[in-house]
Amino acid sequence: MTAGGQRTTDDRGAATGAALAPMPIVVANVSFTYPSGTQALRGVSLRVAPGEAVAIVGENGAGKTTLVKHLNGLLKPSEGSVVVGDWDTREHTVAKMAARVGYVFQNPDDQIVERTVGDEVAFGPRRLGQPEAERQANVAAALATVGLTDAAATHPYDLTTPQRKLVTLASVLAMRTPIVIFDEPTMGQDAGGVALIGGIVESLKAEGRTVLTITHDIDFCAAHFGRAIVMAAGQALADGPAAEVLTRADVLATTNVEPPQLVRLAQALRLARAPLTVEGFVAEIVGRGQ
Amino acid sequence: MIRLGDVTYFYPRATTPALAGVTLEIPTGQFCAVIGANGAGKSTLCYTLAGFVPHFYRGKLSGGVEVAGVDVPASSLAQLAGHVGLVFANPFNQITGARFSVREEIAFGLENMGVPLEEMATRVEDILGFAGLRDLAERSPFALSGGQQQRLAIASVLVMRPPVIVLDEPTSQLDPIGSREVFAVLRDLAATDAATVVLAEQKLEWVAVFADRVIVLHEGRIVADGLPGDVLASADLAQYGLQPTRYTQAARAAQAAGFRADRDDLPVTLEEAVEFFR
């Protein structure tokens with residue numbers, strides 16, 4: 001499975017033309033214990049179909065970040081297996097997995113290695129062996145998407161933390177991977193930043209990419225993700241359509257999460273349905289009077 | 001008590017001020033939230049109250065800054081330590097790196113203040129329980145999740161019981177109920193322990209429920225200052241890069257569709273929204 005000549009072709013293919021090749025993720029009965037002895041995952045199983053948009057919610061320390069670090073091979077399961085497309089993560093290096101799975105870290109300072117924003121965003125595409133012209137186009141497009149075109153020559157640490165987070169987001173977008181994972185993308189962002197990131201998620205979905213996010217921002221989750229997984233103590237407590245899972249206040253409460261604002265309002269008003277959008281909610285209210 | 005008189009501040013080499021003519025008085029025991037888009041000056045205001053501006057960041061500060069009776073620009077950071085505590089936005093910046101466990105990390109500030117051992121032990125154990133960190137007390141501060149580190153950062157400031165507590169987006173990595181709990185604790189510290197609390201935040205739902213007062217910063221200036229219900233329902237919010245709560249958004253959209261169009265008091269909290277839509 002690790003023939004050297006084969007790998008270059010695979011990587012380049014995944015990074016460019018074949019970016020949208022169907023790439024399901026299959027997590028089978030995964031448990032993971034850190035070297036310190038902390039057991040962070042306990043028998044997690046899930047399947048993510050190509051093109052799905054999945055949000056992972058749950059209390060601090062529930063194992064969310066540990067789980068997604070298994071999807072790009074940064075962590076290898078102590079038990080069970082993770083297969084992305086036809087690749088078992090235990091049989092491939094993190095560098096190779098990066099052609100299939102882009103991962104934006106929770107803390108941008110864990111991710112940034114280069115001295116200019118432009119070089120930082122080009123780092124991943126360069127490692128994937130994107131041809132230069134294509135790489136430049138991908139970098140320019142990614143910087144434009146996050147609104148940092150003018151910052152290309154700036155040192156990443158001359159930016160604010162929320163801006164650095166956008167740099168790391170652009171770095172992963174420029175890799176053009178079929179699967180993109182965000183760890184707390186809206187952390188520290190203001191309303192404009194949250195709207196920008198929501199737009200990025202929507203365009204990735206429109207391109208048929210698989211998008212996973214960890215988030216504590218339940219209203220962001222409700223607005224952009226069709227499926228929600230609720231985690232607690234290293235296990236998936238609930239997994240299903242966001243419109244259903246996010247209304248289960250009792251399940252969410254066990255892992256320190258509350259339903260979105262509009263769901264709580266609809267439930268307090270005992271409406272028949274609990275829409276996830278302002279438009280849906282208003283339609284429900286106006287319809288109620290008729 | 002906090003008093004700012006016509007405060008203007010430039011970071012080193014900056015050509016535009018991060019704070020511009022800020023005059024502000026926050027009475028003892030008030031829980032005051034500061035909101036605004038990124039870059040509006042929220043963090044700079046926090047740093048100014050805690051003395052990191054100008055003592056750490058240098059730059060050019062003019063105007064008067066008085067916190068808990070202390071003239072901030074005229075005092076050293078060490079002199080300020082007992083009067084004002086600052087929780088940084090990134091907990092990684094808060095953790096000393098000089099201690100091997102969560103328990104020792106929390107005790108660090110008390111050790112430096114010379115608190116007697118017995119009292120120190122009691123205060124540390126109390127705050128461990130309150131912050132939900134008791135099961136993690138022996139763990140390395142660096143082996144915590146992002147949200148757990150943020151709880152540790154808050155705990156290590158609160159354990160020192162400073163009369164003025166300044167927090168720069170302290171709940172950005174906390175789970176939703178954990179965030180609400182931090183707001184409730186800050187409200188209680190202000191109400192019952194007469195702590196003066198200044199909180200920079202993006203989570204407007206909990207600002208609406210718990211804060212006594214809301215200040216909006218925009219390009220380094222105060223552009224709104226008042227009760228949460230008034231400031232957060234204001235139609236001006238969007239022009240400062242802020243999004244009202246879903247409750248306010250839904251009420252405004254419902255009014256546009258003809259529902260309760262005569263009401264001019266839009267809800268900002270769940271409780272108010274239930275009343276509005278019932």
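The entries below follow the order in which I looked things up.

**Ground rules.** I am working with a predicted model, where local features need pLDDT of at least 70, side-chain atom pairs count only at pLDDT 80 or more, and totals for chains, interfaces and linings use all residues. Residues are numbered from 1 along each chain as its sequence is written, while chains are lettered from A and ligands numbered from 1 in the order in which they are written.

**Entry 1, the contact between the chains.** I began with the contact, which takes 34 residues from chain A and 38 residues from chain B; two residues are in contact if their C-beta atoms, placed from the backbone, lie within 7 Å. On chain A, the elements that give two or more residues to the side touching chain B are α6 (161–173), α7 (191–206), α8 (218–224), α11 (261–268) and α12 (278–288). Helices (H or I, at least four residues) and strands (E, at least two) are DSSP runs, numbered from the N terminus. I sorted that side of chain A by class and got 14 nonpolar, 14 polar and six charged residues. Here Ala, Val, Leu, Ile, Met, Phe, Trp, Tyr, Cys and Pro count as nonpolar, Asp, Glu, Lys and Arg as charged, and the others, Gly among them, as polar.

How do α11(A) and α11(B) cross? The axes of α11(A) and α11 (residues 270–277) of chain B come within 10 Å and cross at roughly 50 degrees. Axes are lines fitted to C-alpha atoms, for helices over the stretch in contact, and angles run from 0 to 180 degrees between N-to-C directions. The two helices are therefore oblique to each other; angles under 35 degrees count as roughly parallel, over 145 as roughly antiparallel, 65 to 115 as roughly perpendicular and the rest as oblique. I then listed the residues that meet: Arg264(A), Leu265(A) and Ala268(A) on one helix, Leu270(B), Ala273(B) and Val274(B) on the other.

Next I traced an open sheet of four strands, ordered β2-β1-β4-β5 in chain A with antiparallel pairing; two strands pair if DSSP finds at least two bridges between them. β2 (39–48) and β5 (87–88) of chain A stand at the edges with a single partner strand each, so one side of each is left without a neighbour in the sheet. Five bridges join β1 (residues 25–33) to β4 (residues 79–84) in chain A, and Val27(A) has Val82(A) as its bridge partner in β4(A). Helix α2 (residues 64–71) of chain A lies across β1, β2 and β4 of that chain, at about 125 degrees to β1(A).

Most residues other than glycine have a negative phi, and most peptide bonds are trans. I found a cis peptide bond from Val53(B) to Pro54(B), with omega near 5 degrees, and Pro54(B) is in helix α2 (residues 52–55) of chain B. Glu219(B) has a positive phi near 50 degrees and sits in the loop between β9 (213–218) and β10 (221–226) of chain B. Is Glu219(B) buried or partly exposed? It counts as partly exposed, with 16 C-beta neighbours inside 10 Å; a residue is buried if 20 or more other C-beta atoms, placed from the backbone, lie within 10 Å of its own, exposed if 12 or fewer, and partly exposed in between.
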